[in-house]
Amino acid sequence: MLGTFLGGFLGATFNVQVKGLDFVMTALFIVLALEQFMQEKRHISSLSGVAITIGCLLVFGKTYFLIATLLLLVAEYYYFYRRHQKGGDRA
């Protein structure tokens, strides 16, 4: 929590514009997603994450899709967590 506060405070204080940062962040998230996909035995979480995100973007539009996506993903992971706790998932 302290790191988040300091990052936000220092970022607002110095207001440094880094050229190409948007590209770097996009590339970082693509690489992280691909690494996660390649490490999974079953790709259900990666594929459902993409499907839920695209579905929410189409249904809710650019303004509200992130909130809906996060709520649905939390519900999905909670469902899989509970199923795994009961012994129904043998992955």
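First, the ground rules. Residues are numbered from 1 along each chain as its sequence is written, and side-chain values use heavy atoms, with hydrogens and water left out. Because the model is predicted, local features need pLDDT of at least 70 and side-chain atom pairs count only at pLDDT 80 or more, while totals for chains, interfaces and linings use all residues.

I start with α1, residues 2-14. Helices here are DSSP runs of H or I, at least four residues, numbered from the N terminus. The expected span of a helix is 1.5 Å times one less than its number of residues. For the 13 residues of α1 that gives 18 Å, and its end C-alpha atoms are 18 Å apart, so the two agree. G8 sits in this helix. Is G8 buried, exposed or partly exposed? Its relative accessible area is 46%, so G8 is partly exposed; buried means under 20%, exposed over 50%, and partly exposed in between, with a 1.4 Å probe and protein chains only. Just after α1, N15 takes a positive phi of about 50 degrees.

Now α3, residues 44-85. A straight helix of 42 residues would span 62 Å, but α3 spans only 17 Å between its end C-alpha atoms. Where does α3 bend? At G61, by about 130 degrees; the bend is the angle between axes fitted to the seven residues ending there and the seven starting there.

The buried residues of α3 include I52, C56, A68 and L73, and its buried residues pack against α2. F65 also lies in α3. Leaving aside neighbours within four places in sequence, F65 is in contact (heavy atoms within 4.5 Å) with T53, C56, L57 and F60. F65 and I52 are 13 residues apart in sequence and 9.7 Å apart in space, C-alpha to C-alpha. Just after α3, G87 takes a positive phi of about 90 degrees.

Last, the largest pocket. A pocket is an open set of points on a 1 Å grid over the protein atoms alone, where a 1.4 Å probe fits, with protein on both sides within 12 Å along at least five of seven lines; lining residues have an atom within 4 Å of a point. This one holds about 430 Å³ of space. Its lining has 14 residues, with F29, A33, S46, G49 and V50 nearest the centre. The elements giving two or more residues to that lining are α2 (21-39) and α3, and the largest share, nine residues, comes from α3. By class, the lining has nine nonpolar, five polar and no charged residues. Charged means Asp, Glu, Lys and Arg; nonpolar means Ala, Val, Leu, Ile, Met, Phe, Trp, Tyr, Cys and Pro; the others, Gly among them, count as polar.

Conventions. Grid points are joined across faces, edges and corners, and a volume is the space filled by probe spheres set on the points.
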